[in-house]
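Here are my notes on this one, for you to read alongside the coordinates.

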Amino acid sequence: MTDNKRIRLIKYLKPYLPFAILAPLTMVGEVLMDLTLPTVMSNIVDKGIVAGDLDIVWTLGFRMILFALLGGIFGTLAAFFSNYAAQSFGCDLRRDVFERVMSLSIQQTDKFTTGSLVTRLTNDITMVQDFVAMVLRNFVRSPMLFVGGLIMAISLDVSFGLVLLVSLPIEILAVLIIMRRARPLFTQVQTKLDSVNSVMQENVNGARVVKAYVSEEHEKERFDYANSELRDTNLKVQTLIARLAPVMSIVLNMTVVAVIFIGNLRAEAGLIEVGKIMAAVNYITQIMMSLMMISMVFQSISRASASAARIREILECEPAVVSGEVKVESREGSVEFENVVFRYPGTKGRPVLSGVDLKVNKGEYIAILGATGSGKTSLVNLIQRFYDVNEGSVKVDGVDVRDYELENLRSKVAYVLQKSELFAGTVSENIRWGREDATEEDVRHAAEIACADEFITDFADGYDTYIDEKGTSLSGGQKQRISIARAILRKPEIIIFDDSTSALDIKTEAKLRSALRSELKDTTIIMIAQRVASVMTADRIAIIDKGQIVACAPHNELLETSEIYRDIYDSQLKGGVSVAAE
């Protein structure tokens with residue numbers, strides 16, 4: 001981990017530098033009070049109790065309480081300043097990491113996996129955030145207590161320094177050995193946590209499939225394995241760390257015993273007073289405790305450095321799809337594929353798309369039909385630059401999509417997926433998600449076009465009906481129609497339907513197609529479908545086979561000229577049950 005890489009995270013602390021400075025400054029006040037208290041106590045014993053002077057006892061006792069109170073105030077302020085800086089640091093870092101995740105291409109987010117991204121955005125950032133809070137408090141407190149305690153202890157009697165000369169190297173060596181062995185395990189812990197999150201994510205999203213296939217036991221075994229791996233790795237770390245506490249405790253107590261023994265000999269010889277021996281014990285305890293706190297900082301460094309590396313991996317990951325600079329204000333909605341060749345990143349063999357040429361005109365309703373795996377979805381994914389072509393070009397309104405500013409390009413297109421993605425919120429909020437400034441009238445009109453108004457108004461709360469996360473409270477057809485309404489409300493130049501009417505019955509689908517044709521006359525519609533009945537009324541139907549456009553013409557012409565289309569038509573409609581007129 002180089003200094004330059006560290007700076008990338010340190011920069012998030014700069015806006016809160018005043019708090020980051022005030023935290024250690026106020027901590028200095030607390031440490032000074034802590035270092036003063038044993039000396040005051042020593043004077044109470046030697047000059048007050050032993051000498052029988054109660055006035056000194058009362059005076060110094062009051063002073064001791066005042067110092068303790070001041071130390072508490074300084075400590076509280078230090079805790080506030082350090083936590084404010086650390087929490088703000090974490091908030092800003094989490095925001096930027098999330099923004100970077102949002103800017104990554106689909107292939108990059110797939111590479112990281114959802115579980116890993118969740119862990120990095122939550123647990124890893126929390127680790128680094130806690131480290132910042134600890135450092136702001138302890139990088140002054142621990143060294144200052146250590147050095148100050150040494151000075152004060154030696155100033156009481158040089159022989160106490162000789163005891164520390166023996167005990168301190170033992171503690172320092174124990175800390176270094178254990179931290180060195182524990183550091184690699186911290187990275188492993190985060191990786192195992194990724195696995196737990198991934199299994200959990202898959203099972204929450206795929207709960208219906210798990211239940212349908214009665215695979216609960218299998219998934220429990222998967223989770224138990226990932227969970228046990230996390231437990232075992234955590235135990236290894238904690239076992240190592242646990243060995244440090246008794247070692248340091250034993251050394252601390254042996255040091256205290258040695259100080260008391262030497263102090264007793266010196267007191268009998270009249271070379272030191274009893275109060276100073278008590279003060280020395282307190283200073284020795286402070287020195288050892290500060291060393292223990294330093295070891296905790298080292299432990300936190302190990303954890304935080306592992307997490308920081310994972311966070312930087314996201315921040316330093318340059319998006320594979322880089323935004324261009326061209327903004328096109330014209331609203332034509334034309335799409336053109338020119339000799340497009342495409343294969344998914346990291347794959348070999350035959351391209352998914354090969355030599356694709358297709359022109360879609362403004363306001364045209366074009367359908368794409370083909371077998372599963374023929375490249376239909378891959379083709380439309382190139383329009384919004386979810387992926388980039390390997391060869392050739394894709395143009396929207398005559399401009400290569402790679403030259404577009406991404407936001408400008410994607411604002412021209414609405415995409416309705418087969419698997420409808422809805423969010424927790426009301427029906428109205430989900431539809432308005434396509435255009436936040438839309439009025440209630442706009443929302444209702446979009447729902448009417450999408451044939452969704454008829455079931456929404458049947459809900460007890462109508463458009464204010466709350467939808468559970470991912471729309472689990474709705475049927476597949478209802479979710480698809482709400483998603484279609486969301487796309488329509490956006491009023492884009494181009495709407496892509498990726499088999500997004502598959503859950504609708506033929507009658508509802510025909511009604512939807514009719515509404516789209518009448519209400520969105522100037523909108524370019526690209527319809528991917530599996531059913532011939534869904535595409536027969538399109539202006540043109542493009543037949544894609546093994547990644548190539550093998551035919552593109554209206555329904556009647558394809559029946560005469562395309563053997564592939566006739567085969568699909570005959571297999572689905574058995575030679576002539578037409579629903580084009582519906």
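1. The open sheet has six strands, in the order β6-β9-β10-β3-β11-β12, with mixed pairing. At its edges sit β6 and β12 (548-553), each pairing on one side only. On average, neighbouring strands are turned by 15° against each other, direction ignored. Those axes are lines fitted to C-alpha atoms. Strands here are DSSP runs of E, at least two residues, and helices are runs of H or I, at least four residues, numbered from the N terminus; two strands pair if DSSP finds at least two bridges between them.

2. Before going on, a word on the basis: this is a predicted model, where local features need pLDDT of at least 70 and side-chain atom pairs count only at pLDDT 80 or more, while totals for chains, interfaces and linings use all residues. Residues are numbered from 1 along each chain as its sequence is written, and side-chain values use heavy atoms, leaving out hydrogens and water.

3. Have a look at β9 (residues 494-498).

4. What flanks β9? On one hand β6 (residues 413-416) pairs with β9 in the parallel sense over four bridges, with A414 opposite I495. On the other, β10 (residues 524-529) runs parallel to β9 and is joined to it by five bridges; here I495 stands opposite I525. Together with helix α16 (residues 506-519), β9 and β10 make a right-handed β-α-β unit (with the strands pointing away from the viewer, the path from the first strand over the helix to the second runs clockwise).

5. The antiparallel part: β11 (residues 540-545) pairs with β12 over five bridges in that sense, and I541 has A553 as its bridge partner in β12.

6. On aromatics, there are 12 pairs (ring centres within 6.5 Å). Y344 and Y387 form one that is edge-to-face (planes over 60 degrees apart), at 5.1 Å centre to centre and 90° between the planes. The two residues lie 43 residues apart, Y344 in the loop between β1 (335-342) and β2 (353-360), Y387 in the loop between α10 (376-381) and β4 (391-396).

Definitions and conventions: Rings of Phe, Tyr and Trp (its six-membered ring) pair if their centres lie within 6.5 Å; planes under 30 degrees apart count as stacked, over 60 as edge-to-face and the rest as tilted. Axes are lines fitted to C-alpha atoms, for helices over the stretch in contact, and angles run from 0 to 180 degrees between N-to-C directions.
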